[in-house]
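Work through the exercises below with the structure in view. Try each task before reading its solution.

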Amino acid sequence: MSTSETFDFVMLDRVTILAKDTIQITASKLNGENYLLWASSVKKYLGAKMKENYILELPPEKITMIWRAEDLQVQTWIIGSIDDDIAKQVMSCLTTKDLWDTLTDMFSHRKNFDCIYNLYKQFF
């Protein structure tokens, strides 16, 4: 570990989580205009970490400390990959799935507009 890295220690009941402060999981942060690229990058990162289930599946009926700790870690990664103004709007989300669905609701409609605009450009 280099001396320039900073870490936060978070106690969650009896589980200690070591979370790196400055992790960047995407090339650029979600800014409201780059949702498709951002979402694709996040999905690839989570898939590589075998954590994609946290954005795709509802929480289990019985939530364990381990599941909660991992869910909080994924939320931290996602929140770290979005602009501060957007992050402020989604900080109340309780689970990663809730966070992901909220961001999708906020920004996925823009992809429809982009598709319509591209079709318009092709024909006119």
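**Exercise 1: the surroundings of I78**

Leaving aside neighbours within four places in sequence, I78 is in contact (heavy atoms within 4.5 Å) with I25, W38, V42, L46, I55, T96, L99, W100 and L103. The model is predicted: local features need pLDDT of at least 70, side-chain atom pairs count only at pLDDT 80 or more, and totals for chains, interfaces and linings use all residues. Residues are numbered from 1 along each chain as its sequence is written, and side-chain values use heavy atoms, with hydrogens and water left out.

Solution. Start with the helix: I78 sits in α3, residues 65-79. Helices here are DSSP runs (H or I, at least four residues), numbered from the N terminus. Next, take the accessibility. Last, pick one partner. W100 is 22 residues away along the chain, and the two C-alpha atoms are separated by 8.5 Å.

**Exercise 2: α1 against α5**

Task: Find which residues of α1 meet α5.

Solution. Take the α1 side: Y35, W38, A39, V42 and K43. They meet W100, L103, T104 and F107 in α5.

**Exercise 3: S108**

Task: Locate S108 and find what S108 touches.

Solution. S108 lies in the loop between α5 (96-107) and α6 (109-123). Its relative accessible area is 17%, so S108 is buried. Not counting residues up to four places away in sequence, S108 touches Y35 and L103. A polar atom of the S108 side chain lies 2.7 Å from the backbone oxygen of T104.

Note on methods
Helix = DSSP H or I, 4+ residues; strand = E, 2+ residues; numbered from the N terminus. Buried < 20%, exposed > 50% of the residue type's maximum accessible area, 1.4 Å probe, protein only. Polar contact = N/O pair within 3.5 Å; in protein donor to acceptor, adjacent residues only side chain to side chain.
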